[in-house]
Amino acid sequence: MTAMAGHTLIELEHVIKHFPVRHGVFSRARGVVHAVDDVTLSVRKGETLGIVGESGCGKSTTARLMLRLLDPTAGTIRFEGQDISKLSQRRLRPLRKEMQMIFQDPYASLNPRKTVEQIVSQPFAVHRGIKARDVKLRVKRLLETVGLSPEHSSRYPHEFSGGQRQRIGIARALALQPKLIVCDEPVSALDVSVQAQILNLLRSLQVEFDLTYVFISHDLSVMRQICTRIAVMYLGRVVELADSERIFEQPRHPYTAALISAVPRLSVNGDKRERIVLRGDVPSPIDPPSGCVFHPRCPRSRAGRCDTVEPQLEPTPGESSHISACHYPLERWPEDQTELLSPLDRSPDRVVEPGTTRPL
């Protein structure tokens, strides 16, 4: 992780993204998918902001809205203070070189018909910021920077391993010296040993090139290694935001606590810990619940408030930098109600029933 740095680089303010639901090519929309619902986030220059959540929570859609790869339904997106929410593609083009993306699947994100040199040099052809005779030299330098041999520039993607292909994708993202790079689950398709190498590479590049990352993942163990701050999303909304270590040590939202409890980790001196398994499925984003979107699965839920009043992202008392959207962020349970699972216990994980007051 890098130290907290300067001014706000990119900011989302009450951003909404809805996708229409149609049952035929020419039919009218019969509803909307609430992919992103009133998200407010800021990313500071030089930091790594992690966005975590289960599949379908809206984290990748949020990242694509930041880069204006998707048009927001409502809300404001600012890059270095400039409102880019409604800019045309022509006016966005000069800003594209400032914002790049590393994709999840290194097998699918590279054109199999092009050589490595053609792939990495493509940004220069699009933005025309460097002379043609200098492109080959720049490509070789970029390949060296990400740990590849310049002699491999004439090879095709299928001749490389998964980790090497992801390095090619990183080199392509670095080509125009961007300020912001969105990493959309860049290590989830790689072996664990290769994941560590790529994460170390990303950290060193951040320092060398003064980069700002938005890191998308569902793997909290990876997020803890690389992120400065973490935003937890559920059903299109940010439910908790804080410094990385504080999220892990003192989660305030019950959904965050459930995610952290599911992270595999070695026991220390046979210590026991609790595992939370939430009952039920994520509600449909076409018809999200009223009140708190998490209340149908929440062990803290209370009728008459959680199911009717939507909680706002607010600081926890005494913790101005730690915000959560929960009516009862500090609620505790008696110790005699606490059930701890032994690391060696192979019995099924207990289930936390919605509406109960069992401990987190």
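This is a predicted model: local features need pLDDT of at least 70, side-chain atom pairs count only at pLDDT 80 or more; totals for chains, interfaces and linings use all residues.
**Salt bridges**

The structure holds 13 salt bridges. Three of them are listed here.

| Pair | Closest N to O distance |
|---|---|
| Asp 184 and Arg 64 | 2.9 Å |

Arg 78 sits in strand β4 (residues 74–79) and Glu 11 in strand β1 (residues 8–20), so the pair ties together parts 67 residues apart in sequence. Arg 78 is partly exposed at 25% relative accessibility. Glu 11 is also partly exposed, at 29%.

Next come Asp 184 and Arg 64, joined by a salt bridge. Strand β7 (residues 180–184) holds Asp 184 and helix α1 (residues 59–66) holds Arg 64, so this pair links parts 120 residues apart in sequence. Asp 184 is buried, because its relative accessibility of 6% falls under the 20% cut-off. Arg 64 is partly exposed at 25%.

Glu 80 is partly exposed at 37%, and Lys 179 at 29%. Elsewhere, shared partners join Glu 11, Glu 13 and Arg 78 into one network.

**Second largest pocket**

The second largest pocket has a volume of about 410 Å³. Its lining counts 15 residues, with Arg 96, Met 99, Gln 100, Met 101 and His 127 nearest the centre. By class, the lining has 9 nonpolar, 3 polar and 3 charged residues. Helix α3 gives the largest share, 4 residues.

How values were computed. Residues are numbered from 1 along each chain as its sequence is written. Side-chain values use heavy atoms; hydrogens and water are left out. On a 1 Å grid over the protein atoms alone, a cavity is a set of points where a 1.4 Å probe fits but cannot get out, and a pocket is an open set with protein on both sides within 12 Å along at least five of seven lines; lining residues have an atom within 4 Å of a point. Grid points are joined across faces, edges and corners, and a volume is the space filled by probe spheres set on the points. Helices (H or I, at least four residues) and strands (E, at least two) are DSSP runs, numbered from the N terminus. Ala, Val, Leu, Ile, Met, Phe, Trp, Tyr, Cys and Pro count as nonpolar, Asp, Glu, Lys and Arg as charged, and the others, Gly among them, as polar. A salt bridge is a side-chain nitrogen of Lys or Arg within 4 Å of a carboxyl oxygen of Asp or Glu. Buried means under 20% relative accessible area, exposed over 50%, partly exposed in between (1.4 Å probe, protein chains only).
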